[in-house]
Amino acid sequence: VMSTPNLLYLDAVSVSFDGFRALNALSLLLAPGEMRAIIGPNGAGKTTMMDVITGKTRPDSGVVEFRGTHDLTRLDEPAIARLGIGRKFQKPTVFEKLSVRDNLLLSLKGKRRPFAVLAARETSHEAGLIADILRTTRLSDHAARLAGALSHGQKQWLEIGMLLGQDPELLLVDEPVAGMTDAETAQTAELLREINRTRSVVVVEHDMDFVRALNVRVTVLHEGSVLAEGSIDEVSADPRVVEVYLGR
Ligand code: ADP
């Protein structure tokens, strides 16, 4: 019987590609409502960890549980998404030729039949949700613009907004501030903190100023395992972390 209070529970997860251990007995606990930052040098296993959580990669061994009741290693990607785990990849995949608002409407209605969806009128409930998401993602003044005309940072926010349209309990965010201006980076930290008031978040990021601004518990991955965990000040003062980042 599984009785863990964790939202997400990874234990001794290993993944090998052609004999190379991308994840090596990785363990991670995420409390309900928590936001966690994942850092680590290139090749540390961050992407593979996200792939395992979302069902894109099946681990060779180990436990991956959601809400203490769902064994994610037995589910495929769509089933895991339906459970309430949303993932934002690094590269935005918005519909460039549609307005910001229509992108959000599609995310609410499901993207399977875009033209039928857009021809149908939105309900007042949907209009309210879209207004909320536009506010959260700082896009209220850009709702009528084509997504293709947005800045890189705004496209990232729109993509986060489209994930919010699917109402995930846990949001996985892959390098959200790569390529953003300093102002956009600071706003993204605020935006994720706002989202974290109602949802759990795991964010993989290289930008240390951004991770500091998030002000959350940090997990440092190295060679497929957890090297250190704690506040950003704690982990950046840890000699093993310094060694991994500087000693090569
Ligand atoms: P990170 O995201 O921290 O940079 P990754 O999870 O992408 O690390 O990669 C961890 C290691 O696993 C890397 O050495 C990478 O080359 C290897 N790897 C990742 N995916 C595959 C794959 N599909 N096939 C072979 N090797 C892979």
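Two strands pair if DSSP finds at least two bridges between them. Strands (E, at least two residues) and helices (H or I, at least four) are DSSP runs, numbered from the N terminus. Residues are numbered from 1 along each chain as its sequence is written. This is a predicted model: local features need pLDDT of at least 70, side-chain atom pairs count only at pLDDT 80 or more, and totals for chains, interfaces and linings use all residues.

**Stop 1: the sheet.** Select β1 (residues 8–17) and β2: seven bridges join them, antiparallel. Pick L10; its bridge partner in β2 is L28. Now show the whole open sheet of four strands, ordered β2-β1-β4-β5 with antiparallel pairing. β2 and β5 (70–71) are the edges; each has a single partner strand, so one side of each lacks a neighbour in the sheet.

**Stop 2: the helix.** Select α1, which lies across β1, β2 and β4 (61–66) and runs at about 65 degrees to β2. The angle is taken between N-to-C directions, on a scale from 0 to 180 degrees, with axes fitted to C-alpha atoms, for helices over the stretch in contact (C-beta atoms, placed from the backbone, within 7 Å).

Buried means 20 or more other C-beta atoms within 10 Å of the residue's own, placed from the backbone. Color K46, T48, M49, M50, V52 and I53: these are the buried ones. Step on to G55, which follows α1 and has a positive phi, near 85 degrees.

**Stop 3: the ligand.** Select F17, F20, A22, G40, N42, G43, A44, G45, K46, T47 and T48 around it (C-beta atom, placed from the backbone, within 6 Å). α1 gives the largest share of this shell, three residues.

Terms used: Buried ≥ 20, exposed ≤ 12 C-beta atoms within 10 Å, placed from the backbone. Contact = placed C-beta atoms within 7 Å.
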